[in-house]
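Here is my notebook from an afternoon with this complex.

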Amino acid sequence: MNLEPTMKQSVIRRSVRRFAEEKIALLAAAMDAKAEFPRALAGEMASLDYFGLEIPKEHGGAGLDTVSAAMVIEELSRVSGAVGLCVSVHNSVAASPVHEFGNAHQRKVFLEPMARGEKIGTFCLTEPNAGSDASAIETTAVKTGDGYLLNGNKIFVTNGGVSGMNLVFALNRPAEERKRYSVFIVESERAGLEKGPVEDLMGMRGNPVCPLVFHDCYVPSENRLGEEGQGLKIALASLSGGRIGIGAQALGIAQASLDVSGKYARERYQFGRPLCAFGGVQGLLADMAVRIEASRLLVYRAASMRHQGLPHTKESAMGKLFASETAVHAARTGLQIHGGYGYTKAYPIERYYRDAKVCEIYEGTSEIQRMVIARSLLAEKGKS
Amino acid sequence: MKKTREHESTRGIWVFGDYRNYFQNRVTLQLIAKAKELAEKLATEVTVLVLGDQVHQFAMEYAAHGADVVMAVEHPALKTYQVETYARVVARLVEQWKPHVFLAGATAFGREFFPRLAKRLRTGLSADCVSLEVDPEHGWLIQTTPSFGGELLADVITPDHRPQMATVHPGMFKERVHDKRAVSRIVYPEVQVEADERVQLVRSKPEQAHKGNLEDAPVVVVGGRGLGSRENFRLLFELAECLGGEVGATRPAVMAGWAKEDRLLGQTGKNVKPKLLITVGTSGAVQYTTGIQGAETIIAVNRDPNAPIFQIADLGLVGEGRSILSLLLEKLRRRL
Amino acid sequence: MNIVVCIKQVPDAPTIRMDRERMTIIREGVESIINPLDAVALDAALTLKRKQGSRVTVLTMGPPQSEEALREALAAGADQAVLVTDPRFAGADTLATSHALARAVSRLEPFPDLILCGKQSIDSDTGHVGPQIAEELDLPQVCGATEIHLEEGSLMVKQVSDGFLNSLRVSLPALVTVSSDLSSPGYLSLGEIESAFSGRQILRWGLDDLQLRESEVGFEGSATRVLRLYRPPPKRKGEILNGPSPEIVERLIKKLESLSIIDEEDAGA
């Protein structure tokens with residue numbers, strides 16, 4: 001069991017870190033303040049294959065393994081949670097499902113532009129009455145001739161404001177005894193798709209999260225991903241991969257919190273000594289570091305298992321759960337270490353604090369993750 | 001690898017005479033002074049080697065500044081300082097005369113020429129030394145050379161090879177006062193000189209002061225991420241103009257587009273050693289400070305009283321870069 | 001045209017730890033990067049590759065983990081990578097290092113038209129290896145290039161040296177060391193990194209492959225010895241001024257006067 005990164009992963013981590021520190025770091029605060037996502041940055045990231053992390057080369061991606069992909073997300077998130085979120089969601093719940101469940105035509109027409117970063121992807125699942133209870137969605141897909149008419153409201157769509165390709169989770173109509181769901185790939189230009197105003201969020205403000213409204217939006221059958229009725233299966237499969245991305249994202253935010261707090265503790269003097277000389281502060285830093293290491297091991301183990309094709313529902317849920325709670329803990333503790341200065345925008349820690357919280361909520365709340373983990377435990381034979 | 005030399009047969013401390021312009025010449029004079037001090041401990045003489053087309057005036061000057069011997073080689077092919085041409089000639093002289101120690105200033109030319117020469121002579125060389133001493137018992141030259149941008153110093157010796165060579169950082173030693181009555185021998189050795197035609201100097205012009213020659217500016221004002229905006233960064237240009245200096249930048253400022261790459265200071269940029277350096281809104285990352293450590297006086301402005309930059313500053317001001325700069329400019333302009 | 005780029009893997013640590021016994025830097029546990037100026041040299045070579053279709057070979061001497069630097073260079077676009085490695089090469093000064101590297105260059109088929117390297121490394125800071133390779137291979141050299149381009153079979157090089165802007169014409173083959181003004185290396189794409197690690201060969205040459213003797217390389221082959229390694233004594237003990245800006249700016253102005261940067265204010269002004 002080798003827990004050390006490979007030489008390749010070391011190079012990947014370092015390259016992304018350099019890009020993030022040189023190109024994203026200076027934009028991060030402004031993105032947050034103005035709630036804007038810079039197009040030019042997306043273009044640069046696209047040219048470096050950040051939008052096709054695990055997609056094979058023949059479809060325009062980088063062909064990375066899952067662990068390396070998670071490292072990319074971690075390094076981007078360390079500098080900007082909003083950018084890490086954009087890349088993570090695009091890769092794991094938009095591009096990957098099309099690769100996994102799409103046919104040859106769909107891979108060519110829908111996947112390749114996404115992998116090349118020409119079109120940014122979203123996964124439209126949540127609705128006003130359907131959050132954790134995904135099955136309660138009301139968006140319908142009515143079979144009409146050679147296609148479907150979509151009607152409904154999707155909210156909190158990550159990347160929505162800049163997306164070109166949207167995966168939409170809808171209820172099949174006409175209704176049958178048991179509810180059936182399907183996933184449709186809807187290009188943003190389609191008539192009947194309207195994007196609402198970008199949400200005014202507490203954190204991740206650089207990510208243009210917005211509602212997508214479908215009003216008699218027609219999509220041809222070839223835009224349906226997988227079979228009719230396979231929607232739930234596709235959604236759950238992509239969420240499983242998505243959890244690893246969010247875990248990596250939370251890890252990045254946590255690591256950033258630790259980095260800046262350690263630096264602050266070394267430089268800030270009170271009572272004639274640096275903060276890091278006080279046992280109380282040492283304890284806080286140690287707690288942060290331990291949890292971050294543990295999160296890292298959980299997230300990367302899940303990634304490794306996914307890459308090996310092993311079942312990883314429980315592990316990815318554990319990684320997402322623990323890493324997101326660690327991010328919140330680390331950001332809060334870090335802000336405490338920064339004291340009064342941490343409460344001002346002169347230091348980035350308050351942004352990490354605001355960004356971290358949503359990691360415990362989206363792509364399955366912590367409560368849902370606990371249910372997933374428990375179910376998985378209970379289902380294992382021979383274990384109580 | 002050549003066998004150990006018989007170093008009992010080497011003697012004399014040689015100094016390479018670089019007279020090209022004022023700055024390089026000063027370095028030569030500083031080296032002569034230090035060489036005299038070392039020579040006394042080794043009971044030997046200082047020879048200054050001068051190559052060129054017409055070198056008599058320089059020979060006289062070096063004599064007046066302490067050289068015991070001036071060895072002059074005059075030849076049209078030596079008019080321009082050319083690495084390969086000089087390396088061949090000087091190697092022949094060294095093999096003929098066998099000096100014990102050979103020093104040169106760590107000018108750009110020196111740092112290009114001396115390693116080539118040392119390799120030709122198959123001897124050791126240390127770069128950009130900040131200090132020189134001798135161990136008379138062993139006849140060693142103890143060369144103190146910086147590494148990691150000056151974070152570490154190494155005391156280096158060349159125990160078994162001769163001459164012991166070193167390039168020396170400008171400004172480390174004090175030159176002797178010009179003494180008209182100083183007596184020295186001027187020698188014109190017989191040596192073969194041929195030009196190496198493979199490198200042709202097509203054009204050479206002095207660097208223009210207005211082109212932002214950072215490395216020669218007596219005052220450098222530097223801005224970093226803490227200035228926050230291009231508009232604030234521009235204040236530095238105004239300050240530089242007021243003080244007769246140049247503007248430098250840290251990597252974050254260059255990446256933000258507030259300054260061009262040629263103003264970058266630090267590990268991957270330029271090293272400057274001005275009389276005064278004012279650094280504003282820079283936290284003091286090592287990748288940056290290695291580029292400015294050589295400044296005579298460093299004044300730092302940062303709103304964080306715990307910024308590491310204050311560890312290397314002679315004077316620190318805690319405050320916001322923009323307001324301090326604006327206030328400073330206002331007061332300076334009132335005086336002019 | 002065939003170009004060889006000599007690169008060095010250097011520690012990325014801002015704070016250095018020393019092995020006091022062996023008088024060397026502790027490299028374990030410290031991340032390693034391609035020496036920044038060597039990355040500039042590589043970028044220059046790749047630009048020539050894009051413009052004239054040159055073939056770029058990247059060469060390094062170091063312990064086995066230097067392979068990482070070579071893979072990065074392959075990901076950036078180099079065609080071939082050579083690792084000169086052998087425990088007996090350890091402890092080499094620039095004389096011994098340049099000897100091993102020069103021998104490796106001579107072993108390449110065909111002999112390169114141009115050798116590029118960074119002007120100096122961020123660890124040893126000497127800037128010697130380039131010129132010393134050039135001397136051993138009897139090649140003309142130009143150090144600190146700010147611009148290079150090919151013109152009718154020769155290399156045109158711009159250089160800033162001791163207050164002069166020089167334009168030089170160099171006949172090939174030649175060795176050029178580069179300064180940071182020459183170019184700004186870009187970023188590695190993930191796909192290229194992935195390719196660099198799968199199915200790309202790295203040539204590995206040791207003492208015997210290069211037909212060198214132990215006495216010519218490593219510690220034995222070095223002319224210089226380190227007596228001691230230490231941190232310089234802190235030379236500045238600064239005064240830190242806190243307080244309202246007008247007051248501290250006045251103090252700053254007094255300092256500028258004391259340094260003769262500005263004239264002292266006349267009493268009557």
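**Entry 1: a helix in chain A.** I began with helix α7 (residues 279–307) of chain A, whose 29 residues at 1.5 Å a residue should span 42 Å, and the end C-alpha atoms agree, being 42 Å apart. The expected span here is 1.5 Å times one less than the number of residues. For the record, helices (H or I, at least four residues) and strands (E, at least two) are DSSP runs, numbered from the N terminus.

Before going on, I noted that this is a predicted model, where local features need pLDDT of at least 70, side-chain atom pairs count only at pLDDT 80 or more, and totals for chains, interfaces and linings use all residues. Residues are numbered from 1 along each chain as its sequence is written, while chains are lettered from A and ligands numbered from 1 in the order in which they are written.

Next I looked up which residues of α7(A) are buried; among them are Val281(A), Met288(A), Ile292(A), Leu298(A), Val299(A) and Tyr300(A). The buried list also includes Arg291(A), Arg296(A) and Arg306(A). My cut-offs: a residue is buried if 20 or more other C-beta atoms lie within 10 Å of its own, exposed if 12 or fewer, and partly exposed in between, with C-beta atoms placed from the backbone. What do the buried residues of α7(A) pack against? I found α3 (66–79), α6 and α8 (313–342) of chain A. After α7(A) comes Gly309(A), with a positive phi near 80°.

**Entry 2: domains of chain A.** Chain A is divided into domain 1 (7–120), domain 2 (123–229) and domain 3 (232–379); such bounds come from an automatic or database domain assignment. Taken over C-alpha atoms, the centres of domain 2 and domain 3 of chain A are separated by 30 Å. Their contact takes 12 residues from domain 2 of chain A and 10 residues from domain 3 of chain A, where two residues are in contact if their C-beta atoms, placed from the backbone, lie within 7 Å. On the domain 2 side I find 9 nonpolar, 3 polar and no charged residues. In this scheme Ala, Val, Leu, Ile, Met, Phe, Trp, Tyr, Cys and Pro count as nonpolar, Asp, Glu, Lys and Arg as charged, and the others, Gly among them, as polar.

**Entry 3: chain A meets chain B.** Here 5 residues of chain A are in contact with 6 residues of chain B. The chain A side of this contact has 2 nonpolar, no polar and 3 charged residues.

**Entry 4: chain B.** I have domain 1 (7–187) and domain 2 (209–335) in chain B, and their C-alpha centres lie 35 Å apart. I located Arg122(B) in the loop between α4 (108–120) and β5 (125–129) of chain B. Arg122(B) is partly exposed, with 15 other C-beta atoms within 10 Å. I also logged a cis peptide bond between Arg162(B) and Pro163(B), with omega about 0°. Pro163(B) sits in the loop between β8 (152–157) and β9 (164–168) of chain B.

**Entry 5: chain C.** I count 6 helices and 15 strands in chain C. Of its 269 residues, 48% are buried, and the C-alpha trace spans about 80 × 50 × 40 Å along its principal axes. The peptide bond from Leu172(C) to Pro173(C) is cis, with omega near 0°, and Pro173(C) lies in the loop between β11 (164–171) and β12 (174–178) of chain C. Is Glu152(C) buried or exposed? Glu152(C) counts as exposed, because it has 6 C-beta neighbours inside 10 Å. Glu152(C) has a positive phi of about 50° although it is not a glycine, and its loop runs between β9 (141–151) and β10 (154–161) of chain C.

**Entry 6: the cores.** Last stop: the largest nonpolar core has 180 residues, and those with the most contacts inside it include Phe184(A), Val5(C) and Leu101(C). A nonpolar core is a set of buried Ala, Val, Leu, Ile, Met, Phe, Trp, Tyr and Cys residues joined through C-beta atoms within 7 Å.
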